[in-house]
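Me: Could you walk me through this one? I'd like to start with what's packed inside.

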Amino acid sequence: MRTKLSFFIFLISNILLSQGTSNLIASNNFSLNNSRSSSNSIDANGFQFELLDAGVNTKYSEIGSGFFRNKLIMVSSKKLGGLAKLDPNTNEAYKDLFCLDIDKNGSLSLPLLFSRILNTNDSEDQLTFSPDQKTVYYTRSSKENSMEYKLYKAVLEEGSHGNWINEELLNINKANVSIENPFISPKGDKLYFSSNMSGSIGGYDIYVSNINADGSLSAPENLGNIVNTNSDEKYPSLSLDSKYLYFSSKGHNSIGGFDLFTSKILSKGYKAPRNMGNTINTKYDEVAYFLAAKNKGYVSSNRPNGKGGFDIYTATNDEIIQTVKGKVLDLETKIKLPNTLVILKDEEGNEVSRQLTKEDATYSFNVIPFESYSITTQKDGFKEGDFKFTTTRSYKTSYTRDLELLTTEPVIAKVEDELRIVLENIYFDFNKWQVKEESFISLSKVVKVLKEHPEMKLVINAHTDNKGRDSYNLNLSNKRAASAVTYLINNGINKNRLQSKGYGETKPKIDCKNNCTDENLQANRRVEFVIIE
């Protein structure tokens, strides 16, 4: 089992790496149900966290605040020396920023003050670095009001080992307004923060500003009432791919105190937040959730049995994988439809995965709890369709959904100077002449046309590709054409209206000779329904 120290090495190395770097029946909807838990009985909610004491906690408060140059940065009220003054608002020392080195053996150093420039006699709080780690945004209060923080920016002096210069109080600060918990997006283009500025829905709301090329900030934008409530929302952060917002809230369906929530970031806004479950949240406060890798990060909590006010915990999320699976079938006959392209898309229409159904016409996709998806299908001879659904269970499970497709209508058209019934290809097993079951649907369309036009007569022409001997292919094509005729006769068409002829490989649709691709070969293997009267 990984030790605490080696686990932190794992976290740091991961974050450093990351910094370098028809109509299916028209619009069918289905829900993969099980209703969400109430606020009084919130379960894992699709998250399975394991928490470990980070090994850096003291009897004072420690809250994580990111990584810088292979150092863990934290905010702590630990007293330095006997002359440290207490903050009357917290009864702890004024907060400072600390860093912890990690050596090649995985040992953590004793905490040291992070920066003689950023740390002052006032109270420092959260900070965040640009992706290149050359710019820092940080918060600081005054002793006159240690509960009101202002947002600053500084840049790293070129060639220095941590000398921050050009400190600047940013212009989005206002009198009697506290700006807290800054977090730069992984792309470095947005700064999220919490604030009680005018217009907030609750006490503290989460805001975002665009970061301009010179490091200045655009006017703050409130994330709105999907994310913010009448209670406090604080400590915003993003997933490494910027697809999910994480934050702490006393509102929504909180277990108690500050709970951790996540909201998917959509092009049109934010999805309704989801409580991150009782494997990480308690009736106490959970704040400052930051990811170092996809499912690994850290969180701070004042839950009992810790060492101080707030303690830092490493948090590993064992991903709960769910599947949606089923068969693709013809709506009318329930015949299985292999070779159907099935595409899984997220709720904004972005492709997640695709696959062709196998001979048994099955498909299967991994999905995530509490996400909205659609499945679209494409198959020759069938209308394209779209199933929308939501995964609403919080545990490892599988949803079964069969997709039933509507066929397209056959078309009578002139092709190569011949009048034909034009439809999708007729399929046969390799080296066999019996019509495959999935092609019964296509031949049924021919039956329908012939019954609607009782005077019509057909010749069924079969062609093969150029693999194998000429004589074998000719014989095979004759048998395949005859097999199609037999199906039509068995389904009520008079044999006097039908003829069949095999051409083998003599009339390729694509004359590719010895340089045929799989697509060329498939195009040349065909059956044509030519109208002769």
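Reply: Here's a quick tour of the core, then the rings. It's a predicted model, where local features need pLDDT of at least 70, side-chain atom pairs count only at pLDDT 80 or more, and totals for chains, interfaces and linings use all residues. Residues are numbered from 1 along each chain as its sequence is written, and side-chain values use heavy atoms, with hydrogens and water left out.

Me: How many residues are in the largest nonpolar core?

Reply: That core has 28 residues, and Y192, L223, V227, L245 and V287 have the most contacts inside it. A nonpolar core here is a set of buried Ala, Val, Leu, Ile, Met, Phe, Trp, Tyr and Cys residues joined through side-chain atoms within 4.5 Å. Buried means under 20% relative accessible area, exposed over 50%, and partly exposed in between (1.4 Å probe, protein chains only).

Me: What does L223 contact, leaving aside neighbours within four places in sequence?

Reply: Y192, I206, Y207, V208, N228, L245 and Y270; contact means heavy atoms within 4.5 Å.

Me: Switching to charges, what sits over the ring of W433?

Reply: The charged end of K479 does, 4.1 Å from the ring centre. K78 lies over the face of F98, at 5.8 Å from the ring centre. The cut-off is NZ of Lys or CZ of Arg within 6 Å of the ring centre and within 35 degrees of the ring normal.

Me: And Y487, buried or exposed?

Reply: Y487 is buried, at 15% relative accessible area, while F440 is partly exposed at 29%.
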